[in-house]
Amino acid sequence: MPAYLAVALGAESGRVLRGDLRPAARGPDRLVVEEVHRFANRPVRRPDGLYWDIDGLYGGVTAGLGAALGRGPAVASVGVDAWGNDFGLLDDHGRLLAAPWHHRTSRTAGMVGRLAERIGPDELYATTGTQFLPITTACQLLAMAGSPALAAAERLVLVPDLISYWLTGRQVTERTVASTSQLWDIRGGSWATGVIERLGLPARLFAGEVVAPGTPVGPLRAEPGSGAPLVVAVAGHDTASAVAAVPGGPEPFGYVSCGTWSLVGLETPAPITTPAARAAHFTNEAGVGDTVRFLSNVNGLWLLQECRRAWADGPGAPSYPQLTDAARAAPAFRSLLDPDHPTLLGVGDMPARIAAVCTAAGEPAPAGRAGTVRCILESLACRYRWALERAEALVGQRVEAVHVVGGGAANDLLCQLTADVVGRPVVAGPVEATAVGNLLVQAMADGRLAGLAQLREVVRASFAPRRHEPTRDRARCEDAYGRFRGIIEGRPAT
């Protein structure tokens with residue numbers, strides 16, 4: 001049987017993974033995933049700010065594809081997923097004019113306010129359904145106003161679509177990643193042309209073809225000939241691929257797609273664009289199979305990644321498992337903070353910033369590395385409950401279990417803390433949910449799966465989840481969550 005290749009680009013690393021969909025004696029087929037190649041993603045700092053090293057990423061992609069194509073059975077297709085919002089600008093010859101900014105840039109400071117000055121927040125939210133954050137494509141473009149690159153650009157290409165373009169020579173925009181931009185009409189399923197015009201952005205940037213997940217883009221140019229694998233536009237937004245791979249059944253479920261960011265929410269059949277949803281900081285993004293991901297963006301394991309980066313500068317750089325093991329022994333719920341505090345969004349000395357945020361909120365500064373990690377994980381668990389309870393209220397639906405997928409699913413302490421604080425079972429896995437969703441959307445495009453429900457049957461059959469039951473010590477968890485609510489409700493809205 002032919003195999004599929006997933007190119008999965010994350011904030012810390014990129015990977016090329018191979019997926020073989022194997023028939024089972026009984027029940028659904030089984031997906032077997034093998035990581036073929038992993039490479040670092042190291043942003044570059046230039047005099048004018050922080051950028052993604054897009055050339056380095058593409059080199060890692062092509063090296064990984066070369067290694068994967070040289071082993072095992074024939075490859076049917078390749079799919080690319082990455083984070084949302086960030087983009088490259090192309091000239092009229094398809095050449096890259098401006099490398100993607102890193103969305104954690106100070107250049108977009110104040111752009112949320114400028115956006116709201118041009119279009120009323122409720123009106124903009126009713127069209128795009130997008131949470132107001134300075135990282136969006138809309139805010140980045142407003143920050144580029146008057147730049148030579150924007151004036152000369154003919155097309156805007158989001159990161160996963162840029163990689164697919166370089167692999168095939170064909171420019172398309174995939175729907176799920178477009179929906180992160182704050183320039184997408186979430187109900188109409190197309191670019192929000194009225195919004196684009198009122199923001200003063202060049203309409204030509206958005207004139208290209210928009211495609212749904214599972215659409216073939218073209219043959220891989222590095223493999224000439226009729227047998228070249230197809231590049232398929234999967235759910236190009238990594239969270240869309242991850243949520244597609246949530247092993248839930250037909251009953252409603254909550255999810256936390258946990259990586260550098262944590263995306264916390266519910267899957268809905270239609271967007272919810274009410275003023276109440278906007279005020280609660282929820283976003284509506286396109287999913288696989290005409291679903292909507294109704295979610296809140298939470299500053300996730302970025303906090304831990306930045307702490308580890310700071311600690312790695314000294315002797316004895318710790319691993320993530322070492323940090324988590326030390327945190328297990330630290331006192332429970334000693335220090336809590338709002339993980340979305342504005343001062344924690346950027347790069348820099350994260351341990352010091354965490355201590356400062358705790359102190360300003362009236363919490364004790366975390367004690368050492370173990371205390372800092374414990375503070376991060378417990379605060380994230382509290383923030384997940386905060387988001388899930390508001391999602392349930394806005395959707396009018398209670399969920400009985402929470403699925404944690406992505407890299408955070410491998411952190412047993414985080415998953416157990418989430419179960420404890422939320423007070424409901426947490427089902428953890430798959431860890432490689434983004435790649436799994438990417439691979440299985442390719443299988444859908446290949447005609448081997450009929451739709452999202454069958455895709456999730458394969459996920460349930462292929463990956464054994466870990467279940468975390470909530471603690472019986474509810475009083476301590478409720479007390480901690482009450483403190484957290486006091487912190488988050490006391491911070492001025494942004």
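I start with the second largest cavity. Its lining divides into 7 nonpolar residues, 2 polar and no charged. In this classification Ala, Val, Leu, Ile, Met, Phe, Trp, Tyr, Cys and Pro count as nonpolar, Asp, Glu, Lys and Arg as charged, and the others, Gly among them, as polar.

Before going on, the ground rules. This is a predicted model, where local features need pLDDT of at least 70 and side-chain atom pairs count only at pLDDT 80 or more, while totals for chains, interfaces and linings use all residues. Residues are numbered from 1 along each chain as its sequence is written, and side-chain values use heavy atoms, with hydrogens and water left out.

The cavity terms are as follows. On a 1 Å grid over the protein atoms alone, a cavity is a set of points where a 1.4 Å probe fits but cannot get out, and lining residues have an atom within 4 Å of a point. Grid points are joined across faces, edges and corners, and a volume is the space filled by probe spheres set on the points.

Back to the second largest cavity: its space is about 40 Å³. The lining residues are Phe87, Gly88, Leu89, Ala98, Ala99, Pro100, Trp101, Gln140 and Met144. Strand S7, residues 87-90, supplies the largest share of that lining, 3 residues. Helices here are DSSP runs of H or I with at least four residues, strands are runs of E with at least two, and both are numbered from the N terminus.

How many cavities of 30 Å³ or more does the structure hold? There are 3. H6 gives the most, with 3 residues. By class, the lining of the largest cavity has 6 nonpolar, 2 polar and 2 charged residues.

I call a residue buried under 20% relative accessible area, with a 1.4 Å probe and protein chains only. In helix H17 (residues 452-462), the buried residues are Leu452, Leu455, Arg456, Val458 and Val459. Down the axis of H17 these fall within an arc of 150 degrees, so they line one face of the helix. The arc is taken from the directions from the helix axis to the C-beta atoms. As background, an α-helix has 3.6 residues a turn, so residues three or four places apart point the same way. The buried face of H17 packs against strand S2 (13-22), strand S3 (30-40), helix H9 (238-244), strand S17 (261-268) and helix H16 (433-445). Contact means heavy atoms within 4.5 Å.

Helix H13 (residues 350-360) has Met350, Pro351, Arg353, Ile354, Val357 and Cys358 buried. They cover an arc of only 160 degrees around the axis, which puts them on the same side of H13. Their packing partners are helix H11 (302-312) and H14. After H13 comes Gly362, whose phi is positive, near 85 degrees.

Now Ser262, in strand S17. Is Ser262 buried or exposed? At 0% relative accessibility, Ser262 is buried. Not counting residues up to four places away in sequence, Ser262 touches Val256, Ser257, Ser296, Asn297, Val298, Gly300 and Tyr384. With Tyr384 there is a side-chain to side-chain polar contact at 2.7 Å. A polar contact is a pair of N or O atoms within 3.5 Å; within protein, one must be able to donate a hydrogen and the other to accept it, and residues adjacent in sequence count only if both atoms are side-chain atoms.

Last, the backbone. Most residues other than glycine have a negative phi, and most peptide bonds are trans. Gln182, in the loop between helix H7 (175-178) and strand S11 (184-185), has a positive phi near 70 degrees. Phe333 also has a positive phi, near 55 degrees, and sits in the loop between helix H12 (320-328) and H13. Both are buried, Gln182 at 1% relative accessibility and Phe333 at 7%. Finally, a cis peptide bond joins Gly429 and Pro430, with omega about 5 degrees. Pro430 lies in the loop between strand S21 (426-428) and H16.

Conventions
On a 1 Å grid over the protein atoms alone, a cavity is a set of points where a 1.4 Å probe fits but cannot get out, and a pocket is an open set with protein on both sides within 12 Å along at least five of seven lines; lining residues have an atom within 4 Å of a point. Buried means under 20% relative accessible area, exposed over 50%, partly exposed in between (1.4 Å probe, protein chains only).
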